[in-house]
Amino acid sequence: MLRLSYQALITPLVACFSVLGVSALQFPRLQSLLTNQQDVSLEVLQKDIKAENLRLNLLKEIPSFGYDNLMANWVYLNFLQYFGDDEVREKTGYSLSPKYFDIIIKNDPKFLGAYVGLSTSTSLYAAMPERSIKLMEEGLRSMTPQVPEKSYYIWRYKGTDELLFLGNSQAAQNSFSMAANWANNYSDPESKYITHNSYQTALFLSKNPDSRYARIATWAMILSNGVDEKTRKRVVREIEALGGKVISTPEGNKITFPPKD
């Protein structure tokens, strides 16, 4: 019994230290890259991307031994560092974004706070909206309207990707309807607003599936999520390309729509 207890304790610890060891080996290299980005060749950066890809493949397969949330949180921190490294991402792209997303969903599908950044990075920057939608669908299978709290936001993120990146207004209509249904389980002002807004969006899409107005309004939803400056600039460009305009005011962003849809 003592031997079994010892093994039960030591096995997950060894696994965790192994994973952390892989990261520790990469850390000096990563710090060097961040310090000397301008001197690093594209060839070297691509080699590091391949190494990170292999590490993420390992993390996807390795068991977490009950430390699922810890693993998800740690990988999310890795993702934030990856996504926020603008200079390197301009050279190498965002192809690893769905890999981080996949590992986090596998370990903690209820990690609500991770979805907006991961879905934006995968759909908007990695140009893989189908992958983003599939991962959100996977996460939603582990959720209910109450767990995690305000999980209705995932339906909105999904509907946003379906409308803006796939042009699938019917799927988006369904997602916004689900967001309204789930949000209707709450009585706070924020949830009431989301219920009304999502219902109106679904209704509008049912009558105007190819509407520029609906697409501009959906881009505006992304702005309302408190995005970083890089994403904000991209969203503003998309709105302006559709004939709209974003005006910054002390009260927030004001969106003007084109005179004709």
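**Exercise 1.** Which residues does Asn78 touch, not counting residues up to four places away in sequence?

*Solution.* This is a predicted model, in which local features need pLDDT of at least 70 and side-chain atom pairs count only at pLDDT 80 or more, while totals for chains, interfaces and linings use all residues. Residues are numbered from 1 along each chain as its sequence is written, and side-chain values use heavy atoms, with hydrogens and water left out. With contact taken as heavy atoms within 4.5 Å, Asn78 touches Arg55 and Tyr100. Asn78 is found in helix α3 (residues 68-84), where helices are DSSP runs of H or I with at least four residues, numbered from the N terminus. Asn78 counts as buried because its relative accessibility is 15%, the cut-off being under 20% relative accessible area with a 1.4 Å probe and protein chains only.

**Exercise 2.** Determine how helices α2 and α5 are oriented towards each other.

*Solution.* The axes of α2 (residues 42-61) and α5 (residues 97-107) come within 10 Å and cross at roughly 15°, the axes being lines fitted to C-alpha atoms over the stretch in contact, with angles from 0 to 180 degrees between N-to-C directions. That makes α2 roughly parallel to α5, a label for angles under 35 degrees. Residues of α2 including Glu52, Leu56 and Lys60 take part in the contact with α5, where Tyr100 and Ile103 are among the partners.

**Exercise 3.** Identify the residues that Ile239 contacts, leaving aside neighbours within four places in sequence.

*Solution.* Ile239 is in contact with Ile216, Trp219, Ala220, Leu223, Gly244, Lys245, Val246 and Ile255.

Note on methods:
Helices (H or I, at least four residues) and strands (E, at least two) are DSSP runs, numbered from the N terminus. Angles under 35 degrees count as roughly parallel, over 145 as roughly antiparallel, 65 to 115 as roughly perpendicular and the rest as oblique. Buried means under 20% relative accessible area, exposed over 50%, partly exposed in between (1.4 Å probe, protein chains only).
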